[in-house]
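Please examine the structure below together with its sequence.

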Amino acid sequence: MDLLLAIGAEQPDLLLTGRTLRDQGVMLTGLLEAGWLVPLVLRGGDRPRRLA
């Protein structure tokens, strides 16, 4: 959620609060744990490829 709040601080039109912040925080945590990199998440890129 800290990353989402930081994004909202820099771009107020993207600020999330309440239940939406919680839900998106859970989703973002899952993406990062699955191997997504922050820059990839921020630009909405394709799924990361698995490393061999």
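**The largest pocket and its surroundings**

The largest pocket is lined by L3, L4, I7, L14, L16, Q24, M27, L28, L31, V41 and L42. A pocket here is an open set of points on a 1 Å grid over the protein atoms alone, where a 1.4 Å probe fits, with protein on both sides within 12 Å along at least five of seven lines; lining residues have an atom within 4 Å of a point. Two or more lining residues come from each of α1 (2-10), α2 and α3, and α2 contributes the most, with four. Helices are DSSP runs of H or I, at least four residues long, numbered from the N terminus. Ten lining residues are nonpolar, one is polar and none is charged.

The model is predicted: local features need pLDDT of at least 70, side-chain atom pairs count only at pLDDT 80 or more, and totals for chains, interfaces and linings use all residues. Residues are numbered from 1 along each chain as its sequence is written, and side-chain values use heavy atoms, without hydrogens and water.

L42, which belongs to helix α3, also takes part in a nonpolar surface patch with L32 and V38.

In helix α2, R19 and D23 are four residues apart and therefore separated by about one helical turn. Their side chains meet in a salt bridge (3.9 Å, N to O).

The mean pLDDT (the predictor's confidence in each residue, from 0 to 100) of the chain is 84.

Key
Patch = residues over 30% accessible without salt bridge, like charges linked within 9 Å, V, L, I, M, F, W, Y side chains within 5 Å. Areas by Shrake-Rupley, 256 points an atom, 1.4 Å probe, with all protein chains shown as cover. Salt bridge = Lys/Arg side-chain N within 4 Å of Asp/Glu carboxyl O. Nonpolar A, V, L, I, M, F, W, Y, C, P; charged D, E, K, R; others polar.
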